[in-house]
Amino acid sequence: MGTQEMDQDEFVSLSTPLSFPAFPYDLPYAIQLDLMKHIYDAIEARKVTIVESPTGTGKTLSLLCGSMSWLKDEQDRARKGQLDALKNSLKGESDEPEWVLQQSLELRRKELGAIEEELAERLERARKREESARRMENGRVRKKQKTSHEAEKSSSLAGEDDDVFLPEGAFGDCQNEADYSHFSPDVIALLKQLDNQNKPVAMVEQEEKEPVCTKIYYASRTHTQLSQTISELRRTKFDESIRTVSLGSRKNLCINEELRQKGGDLDEACRELMAEKKGKRCPYMPPAGDESRMLDLRDHILATPRDIEDIFVLGKDTSTCPYYGSRKAIPQAELVTLPYNLLLQKNSREALGIDLTNHVVIIDEAHNLIDTILSVHSLPLNHTTIRASLSQVSTYLSRFRNRLNPQNVLHLRRLVIILSAIDKYCESQGAKGGNAEMMLGVAEFVESLGPKVKDINFLEVDRYLRESKIARKISGYCDKVAEEAAAKESTGTKANNSKKRGVTPPLHAVESFLIALTHPSEDGRIFVSTIPSASPTPTVQLKYQLLNPSNHFEEVVSQARSVVLAGGTMEPISDLHNQLLNYLLPSNQQEGARLSNFSCGHIIPKENLMALVVERGPKGGEMKFKFNQRGDKDLLIELGLLLMNLVNIVPAGMVVFVPSYSFLNVVKQIWEEAGTLTKLGLKKKILFEPQESSEVENVLRDYASAVGSGGSSEQVTKTSGALLFAVVGAKLSEGLNFTDDLARAVVIVGLPFANLGSVELKERMKYVTELEKKSGGSSTGTKDAGMELYENLCMKAVNQSIGRAIRHKGDWASLILVDSRYSSRRIRDKLPKWIGKDVVVTEKFGQVIKELAGFYRSKKPQ
């Protein structure tokens, strides 16, 4: 099984294969073979590696084949290692004859084989049951499942036992139980551990004997991308030999339609339903003590690689919760696919029972990994939520004060002190009026809350909130009180109040914010925003903004055997080195050998790409779209003339990326007045990226229809087609494929630098500059680390837009960079490596037309 009972690396090192039989094609491209070898080597050597493999080169397939090949070899090594360890143990402790030792080894070998065979047979039975069920389902009408709790909906809330609202964990003992109130939390936890030893042996064995195997955690940004990963896995020769599970949130996997239709926080509504008494619990969760349905679902999940939608359908077919079923499958799974947020947040990993120790982590689409980590750990908290939390805690404390032990009362009083202080702080900020934004250090913010708060140990408060689950208890009790009060009033009021169930407890936001305050002070900042509102006083919003992603990601790196960060365009890589993995750099410690890079060229021949920098327009004006020049009418008119020249040369589809929606709106207005849009429309149908996500699909459909075939190259001799204007960093710049005729040219107008007026961006730039000074290093070129970050954020967005075109070996297109600043060697070095070396910098517009005309002439059918 490849179980993790010992470090099998002690026995034998795995040699890198010369070939990978699992690859679905007989002869992989050289760059695919090199990538598979690199992945295998990196995992075996326990490395953290950054991989850049352009889209269209079979990156996902290579990542899977390289990692899964290592996994299978590791399982063989683990079995051999266990047998060798047993052999050495027997020789050292026994004087038995050789034949007795061999018999013992053979018995152990059979035991290991029997474990694998039993699991394989179980999964095969699940496959057969599923196939049989599919055949029987044809023509059958499924009856709606009756739920036992429906008949009890009208039961009175007044009869609900208030004991369910008491704290849990080490803090769960109230005054009328065994008197632990004078003990410390650690002693209470130890006493509870001793109590748990009285559990039935069968129950303990069931909990402890769940087999765990070495696994690959494969993360990506969206479920759509992960579904593509499962599709690629099905093409390999592993397919059904790899036990796979796809993880998602309740939003993706909940099959309780009644619960989903209520709206609100689905996570909270599910937890509330799970806490209900018998008869009111979710009908898709087997009752306690009856695990057979859930175990059957687990086997079905592991029997065949499935994406998140497949698991949802499977849950509906079996009338068993796929959210908990997929979690049940994690221990025995060899490949676990999951979105970024479930992997990168420690509390999410703990909730799912994910332990990364000695497992392999692959993060695909890792170009925005730093931004993702900063985002998921940045926490907003508004004044309304603070006041609601303070009111709820006070109500709860008033009701349960006499039933709580001194430990609980002490912690709740501390919580009231903190909430009151934050409430008072927000009131003082709101009283100042106006529209303002300010930044505070974490220590400075805590200091401003007063001496009573300053003396409180936030780590103790954090532990109490997590272990007692008090936020949910307080919210549940206050919801119950509100519903009971509403029941005495009109039906309409009752209905409105009943909707409070399933709403995220306000204390959850407070809890997350307070936990953030326990992080090292230099890792983040508190931003205070005062926003005018309809009420007499402005709205005050607090936000904890994480600045240092390294500490959170170090938890992943330190636990995992190996970490692979992969993407089609990973440049500029310096941000990953300096901000995320700086502790692994050779200059910082001997562990530098653990960090490696891999970058490969594209599979297309060089003649399939024409990359140009356009310094000057048709009239000779400099093409430089700095922020303060983006409204320059003459400059934009010349940009229109430039595009009119291009549409006469570029066949089929052409995509033009501009820096922002505001820039696009200004361009449209000026070109409409000048007649430029009308002239462009005579050559190609013009479409614009919509700002509403709901309209994107229609625009893409119209664009593909106007282009023509949308996939063949039969129309390359025609001048018809479509011109699509899109925005860098928006909806069309990531995750979409403009294959073949959909993008015979990609034009990037300007450099999409972020707004330097942003307080948060300024603070982040200041942070990385200070970090550089502390480390004694220096960034690339002459810029300081802050300006380097500013430039890198821009170029990452550009590179993602560039990656929308050229999606396979036979594809071809031109890349036209319209801004004289692209002629800078420093900027061009931050383009994807497969492009950067071959960029032609043009000084006159005539050279642009000459180069492009020759390129497209060579692509016409002979």
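Two residues are in contact when heavy atoms of theirs lie within 4.5 Å. The model described here is predicted. Its protein chain has a mean pLDDT of 83, and 80% of the residues reach 70 or more.

- Leu226 is found in helix H6, which spans residues 223–235.
- With a relative accessibility of 4%, Leu226 counts as buried, because buried means under 20% relative accessible area.
- Once neighbours within four places in sequence are set aside, the contacts of Leu226 are Tyr218, Ala219, Ser220, Thr337, Leu338 and Pro339.
- Leu338 is 112 residues away from Leu226 along the chain, yet the two C-alpha atoms are separated by 7.3 Å.

**Nonpolar cores**

- In soluble globular proteins, nonpolar side chains tend to be buried together.
- The largest nonpolar core of this model holds 109 residues, of which Ile363, Leu514, Phe553, Leu565 and Leu581 touch the most other members.
- Helix H17 (residues 406–431) gives the most to this core, contributing nine residues.
- Beyond its neighbours within four places in sequence, Ile363 is in contact with Ala219, Tyr340, Leu343, Leu344, Leu369, Phe553, Val564, Leu565 and Ala566.
- Another core, of 40 residues, lies apart from the largest one; Leu642, Leu723, Ala745 and Tyr856 are among its members.

**Helix H23**

- Helix H23 (residues 506–516) is mostly covered, as eight of its eleven residues are buried.
- The buried residues of H23 are Pro506, Leu507, His508, Val510, Glu511, Phe513, Leu514 and Ala516.
- Leu514 is also among the residues that touch the most other members of the largest nonpolar core.

**Salt bridges**

- The model contains 37 salt bridges.
- One of them joins the side chains of Lys72 and Glu334, with an N to O distance of 3.5 Å. Lys72 lies in helix H2 (residues 59–93) and Glu334 in the loop between helix H12 (322–329) and strand E4 (335–339), so this pair ties together parts that are 262 residues apart in sequence.
- Lys72 is partly exposed, at a relative accessible area of 23%, whereas Glu334 is buried, at 2%.
- A salt bridge also forms between Asp575 and Lys796, whose closest N and O atoms are 3.6 Å apart. Asp575 belongs to helix H25 (residues 574–580) and Lys796 to helix H31 (residues 785–802), which places the partners 221 residues apart. Both Asp575 and Lys796 are buried.
- Arg744 and Asp811 form a further salt bridge, with 3.0 Å between the closest N and O atoms. Arg744 sits in the loop between strand E15 (721–727) and strand E16 (745–749), while Asp811 sits in the loop between H31 and strand E17 (813–818), 67 residues apart. Arg744 and Asp811 are both buried.

**Confidence by region**

Terms used
Residues are numbered from 1 along each chain as its sequence is written. Side-chain values use heavy atoms; hydrogens and water are left out. Buried means under 20% relative accessible area, exposed over 50%, partly exposed in between (1.4 Å probe, protein chains only). Helices (H or I, at least four residues) and strands (E, at least two) are DSSP runs, numbered from the N terminus. A salt bridge is a side-chain nitrogen of Lys or Arg within 4 Å of a carboxyl oxygen of Asp or Glu. A nonpolar core is a set of buried Ala, Val, Leu, Ile, Met, Phe, Trp, Tyr and Cys residues joined through side-chain atoms within 4.5 Å. pLDDT is the predictor's confidence in each residue, from 0 to 100.
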